[in-house]
Amino acid sequence: MKEEEGERYTLTAPANAGAARMAREFVTAALVATDHRRLIENARICVSDTVANIVRHARVRELTVELTAHPGRVRVSVRDDDPHRLPWRGGGGSPGLALVRRLSHASGVWWVWDDLELVGKQVWFEFRCGRPAARAEAGAVG
């Protein structure tokens, strides 16, 4: 099944201490440009946490943030090219992906392949317009 095209914005940044702030500002600007202002708060939290986990746990020089806006929904994904370290699930005082699952309508991880070679991973999360995420309203832990 082919997904319909949307407005796509991409940021590639060094995986360093300033990456989370840069990703938050990028997502904010893209959501304003696509008239999805109501999604800014949760999107900033999720992209910040995802990027911070890559900086902390993945062994990469750079990461990529992509935002695709569709009518009624927005998908954000954060990619790193370290296929050997799984996305951080939490523990040790960090919420990991549990926070992303709680604040978004849907989320997951895609493996990134180059032909038959595993080259990275992409954590994605989606927000829908018109109502808050059900899991965030219920306060579920994911």
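Helices (H or I, at least four residues) and strands (E, at least two) are taken here as DSSP runs, numbered from the N terminus. The model is predicted, so local features need pLDDT of at least 70 and side-chain atom pairs count only at pLDDT 80 or more, while totals for chains, interfaces and linings use all residues. Residues are numbered from 1 along each chain as its sequence is written, and side-chain values use heavy atoms, leaving out hydrogens and water.

Five strands, ordered S1-S2-S3-S5-S4, make up an open sheet with antiparallel pairing (two strands pair if DSSP finds at least two bridges between them). Strand S1 (7-14) and strand S4 (106-114) each have a single partner strand, so one side of each is left without a neighbour in the sheet. From one strand to the next, the twist averages 20°; axes are lines fitted to C-alpha atoms, for helices over the stretch in contact, and angles run from 0 to 180 degrees between N-to-C directions. Strand S4 is joined to strand S5 (residues 117-128) by nine bridges, and the two run antiparallel. Ala 106, for instance, has Glu 126 in S5 as its bridge partner.

Helix H1 (residues 19-33) lies across S1, strand S2 (62-70) and strand S3 (73-80), at about 165° to S1. Helix H2 (residues 40-57) lies across S2, S3 and S5, at about 160° to S5.

Back at strand S4, Trp 113 is found there. Trp 113 is exposed, with a relative accessible area of 52% (buried means under 20%, exposed over 50%, partly exposed in between, with a 1.4 Å probe and protein chains only).

Terms used
Contact = heavy atoms within 4.5 Å.
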